[in-house]
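Work through the exercises below with the model in view. Try each task before reading its solution.

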Amino acid sequence: AAILRAYRIPAGLCYQRLSRAENGALMSLNGLNAFLLPESGWYRIYQRGNRAGIDARFEPPVDQLAFPIAVVGEGNLPGIYVEPMPEIVNVLCTNTTADDLWESQPDIEPD
């Protein structure tokens, strides 16, 4: 989002609630970016690269995100945020190892 903003492109952060297990248990948030396309409106993009099983694409006006909503309880959180959600910042600031971070990921249900 910061790079897009540096080029004066309106951009923000958005989130998906995804399962960390195939059975819908252990939900957590997945962060995305969104930016404004003049002809299409807000468009969500996944900032990581593809790998086996992940096929995110830039094909406006349709989102093709890395992780589609596939399990009951998953969903897209509404809104585009100017800054990261406080819950995300708190987890990143209070955990010192990847294992600790994995165990304390925040979970917020979509409206």
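**Exercise 1.** In which loop is Arg-8 found? This is a predicted model, where local features need pLDDT of at least 70, side-chain atom pairs count only at pLDDT 80 or more, and totals for chains, interfaces and linings use all residues. Residues are numbered from 1 along each chain as its sequence is written, and side-chain values use heavy atoms, with hydrogens and water left out.

*Solution.* Start with the elements: helices (H or I, at least four residues) and strands (E, at least two) are DSSP runs, numbered from the N terminus. Arg-8 sits in the loop between helix H1 (2-6) and strand S1 (11-19). Next, the backbone: Arg-8 is not a glycine, yet its phi is positive, about 65°. Last, the surface: Arg-8 counts as exposed because its relative accessibility is 78% (buried is under 20%, exposed over 50%, partly exposed in between; 1.4 Å probe, protein chains only).

**Exercise 2.** Which residues does a cis peptide bond join?

*Solution.* The bond links Pro-60 and Pro-61, with omega about 5°. Pro-61 lies in the loop between strand S4 (57-59) and strand S5 (62-64). For background, most peptide bonds are trans.

**Exercise 3.** In what order do the four strands form an open sheet?

*Solution.* The order is S3-S2-S1-S6, with antiparallel pairing. The edges are strand S3 (41-45) and strand S6 (75-76), each pairing on one side only. Two strands pair if DSSP finds at least two bridges between them. S1 and S6 run antiparallel and are joined by two bridges. Gln-16 has Asn-76 in S6 as its bridge partner.

**Exercise 4.** Is Leu-36 buried, partly exposed or exposed?

*Solution.* Locate Leu-36 in strand S2 (residues 27-37). Its relative accessibility is 34%, so Leu-36 counts as partly exposed.
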